[in-house]
Amino acid sequence: MDIRGAKKRLHEKWHAVCFFALTYLLDAVWGQIRYSIPEELEHGAFVGNIAEDLGLDLEKLSARRFRIVSGAKKQYLEVNLENGVLFVNERIDREELCEQSLSCSFHLQVVIENPLELYRVEMEILDVNDNSPSFPWTEFNLDISESAAPGSRFPLESAQDLDVGSNSLRTYLLSVNEHFVLDIQTRSDGSKFAELVLQNPLDREQQSTHQMVLTAVDGGAPERSGTAQIDITVLDANDNAPVFDQSFYRVRLVENAPKGTVVIKLNASDLDEGPNADITYSFSGHAPIKVRQLFSVDSRTGEIKVKGVIDYEKARMHEIYVQAKDKGPSAVAVHCKVLVNVLDKNDNLPEVILTSVSTPVQEDAPPGTVIAVISVMDRDSGENGNVDCEIPHHIPFQLHSSFKNYYTLVTCDFLDRETVAEYNITLTARDMGTPPLFTRKTILVQVSDVNDNAPHFKQPSYTVYLTENNAPGASICSVTALDPDSGQNAYLSYSIVEGDIQGMPVSTYVSINSDNGNLYALRSFDHEQLRNFQIIVQAQDAGFPPLNSNVSVNIFILDQNDNAPVIVSPVPQNGTAPTEAVPRSVDAGYLVTKVTAMDADAGQNSRLFYQMLQATDPSLFSIALYTGEIRTIRRLVEKDPTRQRLVILVKDNGQPPLSATVSIILSVVDSLPDTQPDLGDLSLSPHHSSNFTLYLMVSLGAISFTFLVAIIVLIAVRGLKGRPSSREYSFPSVCGSLSQVYCYKMFMEVPPKLTPDPKRIIRPHSTLLFSNVTLYLIVALSATTFVFLVTVVVLAIVRLLRRDLKVEPHYIEVRGNGSLTKTYCYKTCLTATSGSDTFMFYNTGRPISGTWGSGAERFFTSGSGFVRRLSMPDASLQICPEVCH
């Protein structure tokens, strides 16, 4: 047995090697590869080098995600990505996979990406002789009447062999006996069954029983066999056997017919009477087990009914062998065959298999990008098995058919993740049956983000109001930008674009939190130095390449009442209160002096109020609340003290208010000096006095005088020489001082009677007669020089008399003592307004504003003690800064 088993295994291996020689066939229609392998191969058995057969580069198999996809429930085959070998991954049982089908195969789909390529591989599974024929029972009992004539046939139970082709059941053998022989017959499906044929008459009295061995042999190499014992009992004669109406019946049956459905009603008749004519129906001995599972035979009526599930996809035809037998002694059974053709019904839903899904897909993927590979199948036949697939039309995807029942899902438009982040694509596979059946499957396609959106701020610009004197590090405001992208592409960082503010980098003024956009002040701001500024904030995402956008932030510094009023005039001299003279004869309402103050703040914080804080005689003087003018309330009398002391309080309108005080000494005198204020000192430049103007006048006068003397001398010479008649004169001196062109023109204009030889006129240094034209020219030049000299004299006189003229100067000089330690020049701008006179001082870039009340006289007291009086009735005075020279 060991030697025989070794030979058997060697034979099977040799048979496998022969099959390996037929590894693949190229299908010209579908472009597919076909492999044929035997069943029952062990794990790792070589099938073929699929990479070489497809002409693929072995080094790129992994990079291109080479894989095989099978519609079968088990992964029978696998590929070694290192060498491209297709090998057996799991044992393949052809009988389990394809049952009794003569041909057994399944399909694989090879999927390769980058770029996407599809190949179809057909795997044919060849049968090996791994199953022996077997009988349903090991022992059969036959009752045969002794009256049976030679040639009578008795069907025997058929043996079953799960193998197909040459490995299936080939023949039956009967042990040697003297009464019976075997007759081997073939069914329409190629299967074989045996009938026992009576060759010699039986004699029950000689031998009532007979025993034989029936052997079923297959065609495999080596062959396999199975045996059963036949026990024959010889009965007494029943001389009439039943007879069927037909020996062969053909019927049609729709698959999935309900259980109990009558397929056909058989009828057999018997000429005998009584029990010998009472017929019973049953399956014959060689009816297959599958038929017995699907159908039943009513023993009394002969009706064949559906017992199991009739499935067209498993078997399209069934052969039913039925026997009829009476109940008489020594009854003989007769047989008939019923051929049942199964009609297909649309009872199978289409199957959808996603063999490859590439998700997520980038939103910038071009149209035509493959998303998924889909295969569909329907086990029905004809129109019932034709399947059509579709997806909704309102999505940016399309289905393309590559092979029959194979589709690719591709993009047909550009995607936008910010609009739709994912798609649930409903795939509908519908067959052509009546009514049609369909299957729906949802494919989830996620869209991955690309950095295609720049950040955008919630506002086009930001305006921020910040009170001055803020603490360094205080929060100013927060800017917010949004980015519709996701992930890293939506992560924003904020920064301030470099720039200058008053010559300093903007980074020394403010900072920003790069994560949340909060702006912070790096210094304490002063409204008097910086009233507003603008910065540019940039938001940039973390995508590649990064995108950014800018927004302007306008920051206005609001004023605080942080500057006390500063009294400009009168200013204490050498630490003592200023003294003002008041004539004793003045009437009530006389303007004694005016207190002028300024406040560097703005708005209400710079609005000043004047109050009389202390006074030697409160009933004598009063001060205007808004202008600071100190006037007499009544006339002075003899008993009034000659020296009055006033304490003036200047307070602003801020919250809380700030104030300053000044003491003024008023000295009562009999009369004031007659000298008028020297308005000449209210010039543009106090450092350059009138000497500059005087030098200018002297210089112009000297030049004019010299030119006039020259003209007079020329006229005198002309008078001494007399008036020539026809003499020639040369003008070398005159032409020496005049330009050549002018001399040329003058010579050409001499009258012809004085120039007898014109050729001499145009030559240089020639002589000509003195004409009236020259005299007119001299007179004109003399008159012009005289007018110019008179103008200079008048200007000098005006300069000398300027002290007596009440001329409004365009500039005033303000010198500071104490807190005002600098000298400033201010331009006065007079406009016709009603009520008050407004002026503004600028001190190192900080505005100081104040208000003068209306009146006839305005006084300014300089650091040197002189007083300037300006007359501005009902006019507004604004003192604007100019550069001192």
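1. A residue counts as buried under 20% relative accessible area, as exposed over 50%, and as partly exposed in between. R170 has a relative accessible area of 42%, so R170 is partly exposed. Please keep in mind that this is a predicted model.

2. R170 has a partner. Its side chain meets that of E223 in a salt bridge, 3.5 Å from N to O. This pair links distant parts of the chain, 53 residues apart. R170 lies in strand 11 (residues 169-174), while E223 sits in the loop between strand 14 (209-218) and strand 15 (225-235). E223 is partly exposed, at 46% relative accessibility.

3. Next, E90 and K74. They form a salt bridge, with the closest N and O atoms 3.9 Å apart. Both ends are in loops: E90 between strand 6 (85-88) and helix 3 (94-98), K74 between strand 4 (67-70) and strand 5 (77-80). E90 is partly exposed at 31%, and K74 is partly exposed at 33%.

4. Is the R94 and E95 pair buried or exposed? R94 is buried, with a relative accessible area of 1%. E95 is buried too, at 10%. Their side chains meet in a salt bridge of 3.6 Å, N to O.

5. The structure holds 22 salt bridges. R65, R67 and E113 are linked in a network of them.

6. Now the surface. F786, V787, V790, V794 and V798 form a nonpolar patch there, with about 420 Å² of accessible area together. V794 belongs to helix 9 (residues 772-800) and is partly exposed at 44%.

7. Finally, the whole chain. It has 9 helices and 59 strands. Of its 885 residues, 42% count as buried.

Notes
Residues are numbered from 1 along each chain as its sequence is written. This is a predicted model: local features need pLDDT of at least 70, side-chain atom pairs count only at pLDDT 80 or more; totals for chains, interfaces and linings use all residues. Side-chain values use heavy atoms; hydrogens and water are left out. Patches are made of residues with over 30% relative accessible area and no salt bridge: like charges are joined within 9 Å, nonpolar side chains (Val, Leu, Ile, Met, Phe, Trp, Tyr) within 5 Å. Accessible areas come from the Shrake-Rupley method with a 1.4 Å probe; for residues, only the protein chains shown count as cover. A salt bridge is a side-chain nitrogen of Lys or Arg within 4 Å of a carboxyl oxygen of Asp or Glu. Helices (H or I, at least four residues) and strands (E, at least two) are DSSP runs, numbered from the N terminus. Buried means under 20% relative accessible area, exposed over 50%, partly exposed in between (1.4 Å probe, protein chains only).
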